[in-house]
Amino acid sequence: MEFDEDKIEETEGDYVEIYSKRAIFWFSVFSFIYGGILLTINLRAAGYKKAVLQVAAFIISYYILSVLIVVALNIKVDMSAIKMLGTGVQVPPQVLRSILILSAISIVINIIGGLVLTQYFFKRYFPDNDYYPKPVLQPILIFILIYIAFRFII
């Protein structure tokens, strides 16, 4: 058998450029919805159109479930107290406690959502490391812009 140096093995068709599992998880820590959006972008790029609907259904269902959990816990946070946080005005300790508890619950919900997205969906559709990781600078900038926009709205 001869080895032909000029012959280049074409394997590029087997690879697709997608956001990595790690990127999806860490975006999900801040917002599992945003991590889910990145995963659906991956699935569309790889041609898994039916899986996009499954992930979208999961995101919507999980969002509704997380809202129901927070409502069931009956944690009250005064929105005017949140606006006082950056002004230097003394915020009552019970309000700070409520904000911290709500933040912790939100982070736990996001981590669980991120784990489902990465350990179930990502692993199911991208079991091998046969992809080129997409740079995450653009999603980071978009996330920052969305965050800033919501800060001005609230």
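Let's start with helix 3: at 1.5 Å a residue, its 25 residues should span 36 Å, and the end C-alpha atoms are 37 Å apart, so the two agree. The expected span here is 1.5 Å times one less than the number of residues. Before going on, note that this is a predicted model, where local features need pLDDT of at least 70 and side-chain atom pairs count only at pLDDT 80 or more, while totals for chains, interfaces and linings use all residues. Residues are numbered from 1 along each chain as its sequence is written, and side-chain values use heavy atoms, with hydrogens and water left out.

Now zoom out. The protein chain has six helices and two strands, in the order β-α-α-α-α-α-β-α from the N terminus. Helices (H or I, at least four residues) and strands (E, at least two) are DSSP runs, numbered from the N terminus.

Back to helix 3. Ala51, Val52, Val55, Phe58, Ile59, Tyr62 and Ser66 are buried there. Buried means under 20% relative accessible area, exposed over 50%, and partly exposed in between, with a 1.4 Å probe and protein chains only. Look at the spacing with this in mind: an α-helix has 3.6 residues a turn, so residues three or four places apart point the same way. The buried residues of helix 3 pack against helix 2 and helix 5. Just after helix 3, asparagine 74 takes a positive phi of about 55 degrees.

How do helix 3 and helix 5 cross? Their axes come within 11 Å and cross at roughly 160 degrees; axes are lines fitted to C-alpha atoms, for helices over the stretch in contact, with angles from 0 to 180 degrees between N-to-C directions. That makes the pair roughly antiparallel, a label for angles over 145 degrees.

Of the 24 residues in the largest nonpolar core, Leu39 and Leu43 touch the most other members. Helices 1, 2, 3 and 5 each supply at least two residues of this core. Such a core is a set of buried Ala, Val, Leu, Ile, Met, Phe, Trp, Tyr and Cys residues joined through side-chain atoms within 4.5 Å. Leucine 39 touches Val55, Leu117 and Phe121, among others.

Finally, find proline 135, in the loop between strand 2 and helix 6. Proline 135 is exposed, with a relative accessible area of 58%.

Note on methods
Contact means heavy atoms within 4.5 Å. Angles under 35 degrees count as roughly parallel, over 145 as roughly antiparallel, 65 to 115 as roughly perpendicular and the rest as oblique.
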